[in-house]
Amino acid sequence: MSAAFLQDDQLESLFDQIPALAGRPRFITELSGGLTNRNLKVTTPDGRFVARCSGLGGDALDIDRDVEYHNSCAAEKAGVGAPVVAYRPDLGVLVIEFLDGRTLSRETIRDQGVIERIALSCRQLHAGPAFQGTFNMFERRQGYLRTVQRNGFRLPPGYLDHAEALGRIQKALAVRDVGTVPCNNDLLAENFVDDGEKVWLIDYEYSGNNDAAFELGNIWGECHLDLDQLDALVTAYYGRHRRSKIARARLQGIVGQYGWTLWGMLLCRVKQLARALLVLGGSRRGCGRSAVRRSA
């Protein structure tokens, strides 16, 4: 059984197999969030840790846990990721240090100074060690679409009507090759931890080398920022107002939302399977259809 679905007594036995978590007394607390995994705060005399227990659906959702581990270590070296303590792929567990600070939300991300600190942390990550793998939402969306169609899942009404507009966006972005940098690619508000001085970036399930504009545009889309806040984010990232970079980030944000729509559908199916398995023994569906229509 996946580590994400173990009962309390089974978790105790699991954590006894990981030296960093084996200390006693040991206190285990469920953390909120974790759409594709279960996050547990584990406190022992040796410290405070977060055990990220892999859930079901890694294949359907295109998650490579080895890449997640490698890139989590690279993010730590860049100075914006939590220190990595242990990785046990045989147990489905990645252990990182617990970070002091507040987990951001769609509301608190708008607080004074937060967007600027996020931009600085993104720039620090992007200047750090190269990641394993690449992330290209155009290619990933095609993979999600094949999975949806192969399994006979119902697409959102009119979803494919915007394929032509998406193609035009892809051509526009390809006019200038900007290269790639190590990106998290999944920075929901809840994947930021703000300690008041800097913002930490967590959760590297979808990390890979990518266009920096995707990172910024995806933050705009996933955190439901307005266009003025996108402007502030991109300006803080580059250190000055650059209209072309703001436009590129906006296009990449639209691409992200269009692709994540299919991811949300697959996640719902995976969760339905998980519930069925639990009987035997959330959603992040952001609809980018209107955004693509506005860009056409």
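**Ring pairs and charged pairs**

Author: F135 and W260 are both buried; buried means under 20% relative accessible area, exposed over 50%, and partly exposed in between (1.4 Å probe, protein chains only). The model is predicted, so local features need pLDDT of at least 70 and side-chain atom pairs pLDDT 80 or more, while totals for chains, interfaces and linings use all residues. Residues are numbered from 1 along each chain as written, and side-chain values use heavy atoms, without hydrogens or water.

Rings of Phe, Tyr and Trp (its six-membered ring) pair if their centres lie within 6.5 Å; planes under 30 degrees apart are stacked, over 60 edge-to-face, the rest tilted. The count by this rule is nine aromatic pairs. One of them joins Y69 and Y87, which are stacked with 4.5 Å between the ring centres and 10 degrees between the planes. Y69 belongs to helix α2 (residues 65–78) and Y87 to strand β4 (residues 84–88), so this pair ties together parts that are 18 residues apart in sequence. Helices (H or I, at least four residues) and strands (E, at least two) are DSSP runs, numbered from the N terminus. Y69 has a relative accessibility of 30% and counts as partly exposed.

F135 and W260 also form a ring pair: their centres are 6.1 Å apart and their planes stand at 40 degrees, so the pair is tilted. F135 is in the loop between α3 (114–126) and α4 (137–150), whereas W260 is in helix α8 (residues 243–280). The two are 125 residues apart, and the pair thus links distant parts of the chain. F135 and W260 also belong to a cluster joined by ring pairs, in which the other members are Y206, F214 and W263.

A163 is in helix α5 (residues 163–174), and with a relative accessible area of 36% A163 is partly exposed.

The charged side chains come next. A salt bridge is a side-chain nitrogen of Lys or Arg within 4 Å of a carboxyl oxygen of Asp or Glu. The whole structure holds 18 salt bridges. In one of them R48 is paired with D100, and the closest N and O atoms are 2.9 Å apart. R48 is in strand β3 (residues 47–54) and D100 in the loop between β5 (93–97) and β6 (102–103), so distant parts of the chain, 52 residues apart, are linked. Both ends are partly exposed: R48 has a relative accessibility of 34%, and D100 one of 47%.

Strand β3 also carries R52, whose partner E205 is in the loop between β9 (199–201) and β10 (208–210), 153 residues apart from R52. The salt bridge between E205 and R52 has an N to O distance of 3.6 Å. E205 is buried at a relative accessible area of 5%, and R52 is buried at 9%. Both E205 and R52 are part of a network of salt bridges that also includes R65, E68 and D203.

D194 lies in strand β8 (residues 192–194) and R102 in strand β6, so the pair ties together parts that are 92 residues apart in sequence. D194 is buried, with a relative accessible area of 4%, whereas R102 is partly exposed at 33%.
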